Structures are given as C-alpha cells and as structure tokens.
Amino acid sequence: MASDAQRDAYQRDGFIVVPDLLGATELSALRQIIAELVAGAATVDTHTAVYDLEPGHTRAEPKVRRIKTPHEVHPAFGAVVRSPAVIEVLTRLIGPGLRLHSSKLNMKSARYGSPVEWHQDWAFYPHTNDDVLAIGVMLDDMDFENGPLLVTPGTHKGPIWNHHGEDGRFCGLIDPADIPNEIANAVPLIGRAGSMSFHHVRSLHGSALNTSDRSRNLLRYGIAAADAWPLLGVPDLDEFNSRLLTGTPTLEPRMTAVPVRLPLPPAARQGSIYENQAGATRSYFKKTVAP
C-alpha cells in the first residue's frame, strides 16, 4: 500500500497521506459506534475515563471533543490499527517491530470543534529513539474549513521547541511567537473519508477550530518501534508488551542521538492535551466561531 515514493516523502517532509485505507462499510460501522458513544455522554457532567467534553457540554446537548483510548472502549477501534493495510504502511515507514503507544478519537463537531495549539507529540512522550509516528484516520471528508491537521514540512529534523509556560510547568504548546515562519509554511493534511495521515512524532503541527457545518472526526493512534522505550518509564511491563502489533518483546532499547526536553514538571491542568493547553497564557488559534 505504501510506495517507495511515499516512504521517501515521509522521510523528507515528516508526513504523508495515504488514501482509501478504510472502506465504506468500515466507515459506516465506526460512525455508528461513535454516534452511540456521543449519545452516552448525556449521562455525564464532566470529563471521565472515556469522555473529554467540550466547553458548553450539557446532558441535554452532549458535546464531546475526545473519546479517550478508543481501542479499549470498543474492539472496532483496535481492529483498524491492526489491519494488514495499515501494518504494511507502518512497516514501510518504521520497520518490522511495531507497538501501539496510544489511541484517541478527536472530534470536531460542526461550528464549535475545539482547536489544538501548535505542538510536537515528542514533547509529550519522548522515547529512546524517534521511530515513532501518529496515524490520523479521517472518518469524515477533511478540507481546510473543518479544522484539518496542519503540519510544517521538515520540522521532524529540527529542534524540540519549548512546550513549557511562564510558570515553568509543561503546558503542551509552543508560544506562537517562537515559530512564525514554521506556522506560515504549514500545510493541511486533507483527504476524503477513509484516508489516513502518518506524521513523525517530532513534526510541528496544530489544528484550527472547525468553522464549517460538517463534523471532523479524526481517529488517532500513536505507534512506536518495538525497541523504542518511553523515557518517562514503563510502569507495567506485561501491559507494555501486550501492545505489540508486530515483532517480539525486547529488554534492549535502541538508543539514538535525538533532542529531548522532558514534560516536567507536569502540566498544572492534568488530563488531555486540551486541558494541558488551557493553562497557557498564549495561543494562536481562535477558540470560538463568530456568530
């Protein structure tokens, strides 16, 4: 599914988009599951182990901005990342040993879906090597109006910017004043539903508010090489090894010379990236749609 040209583009730019990795039947099934999950948010008033809620959420009008760890919520989400087509692309980009690091479903509903400020995933979970990437499964057609992922080419080969706030604590975003040229050079990762983006863990990216009348649901997976170990530790080795997608467990992390800035002290507002970033004093993206 992934050509040599796509592998070369990933190595050069830090990202690629591969179309049609999910078919219409799979998309329909996932959308039905998501609709049921959103309806279930009518039973909660605040963030839970499953739901990260939009500002303005009520039981009468449920507003969900993220389903946390969806592969643990419903088996259909685990099946997506384990499909032969996805594994083939991942193997071409990272290598034969693969581990699922994380999953999340970021949901941008029409006219109010929350933005995500500029950041690098590497700032949240540095490893012993940077053969780590994120998959973005486009569950809706994605264009510039409904808040696509914006990524700056080549930044996966550059520095790790400061993701700490003025109080010295991690806040999960970069001061936009530090990256004006990088923001100006960012490109949208767009495509029709069923396409998937793959971006390097050190690539600079963000996404704007959804200003359209259409939803923008993006299923995200973090994938690491089997011999990439998180620098913040492995609290449960059996659980860590259970997330291998391909390859065999190892106790010999591969160490490479990559820049690292640890996310410590932790964010004042714990939880998802939305909560981390809410504690920052500077931002780039608009937070609400004009009436």
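1. A quick word on terms before we look around. On a 1 Å grid over the protein atoms alone, a cavity is a set of points where a 1.4 Å probe fits but cannot get out, while a pocket is an open set with protein on both sides within 12 Å along at least five of seven lines. Lining residues have an atom within 4 Å of a point. Points are joined across faces, edges and corners, and a volume is the space filled by probe spheres set on them.

2. Keep in mind that this is a predicted model, where local features need pLDDT of at least 70, side-chain atom pairs count only at pLDDT 80 or more, and totals for chains, interfaces and linings use all residues. Residues are numbered from 1 along each chain as its sequence is written, and side-chain values use heavy atoms, with hydrogens and water left out.

3. (Strands are DSSP runs of E, at least two residues, and helices are runs of H or I, at least four, numbered from the N terminus.)

4. Now the open space. The largest pocket has a volume of about 1200 Å³. It is lined by 45 residues, and H101, S102, K104, F124 and Y125 lie nearest its centre. Among the elements that give two or more residues to this lining are β3 (64-68), α3 (70-73) and α7 (237-242), but the largest share, 6 residues, comes from β4. By class, the pocket lining has 19 nonpolar, 16 polar and 10 charged residues. Here Ala, Val, Leu, Ile, Met, Phe, Trp, Tyr, Cys and Pro count as nonpolar, Asp, Glu, Lys and Arg as charged, and the others, Gly among them, as polar.

5. On to salt bridges (a side-chain nitrogen of Lys or Arg within 4 Å of a carboxyl oxygen of Asp or Glu). The count comes to 16. One of them pairs D131 with R254, with the closest N and O atoms 2.8 Å apart. This pair links distant parts of the chain: D131 sits in the loop between β5 (116-119) and β6 (132-138), R254 in the loop between β12 and α8, 123 residues apart.

6. R282 and E166 are worth a look too: their closest N and O atoms are 3.7 Å apart. R282 lies in the segment after α8 and E166 in the loop between β7 (149-151) and α6 (180-184), so the pair ties together parts that are 116 residues apart in sequence. How exposed is E166? At a relative accessible area of 64%, E166 is exposed, whereas R282 is partly exposed at 43%. (Buried means under 20% relative accessible area, exposed over 50%, partly exposed in between, with a 1.4 Å probe and protein chains only.)

7. E239 also forms a salt bridge with R243, the closest N and O atoms being 2.8 Å apart. Here E239 is partly exposed at 32%, and R243 counts as buried at 15%. Elsewhere, salt bridges that share partners join D4, R7, D8 and R92 into one network.
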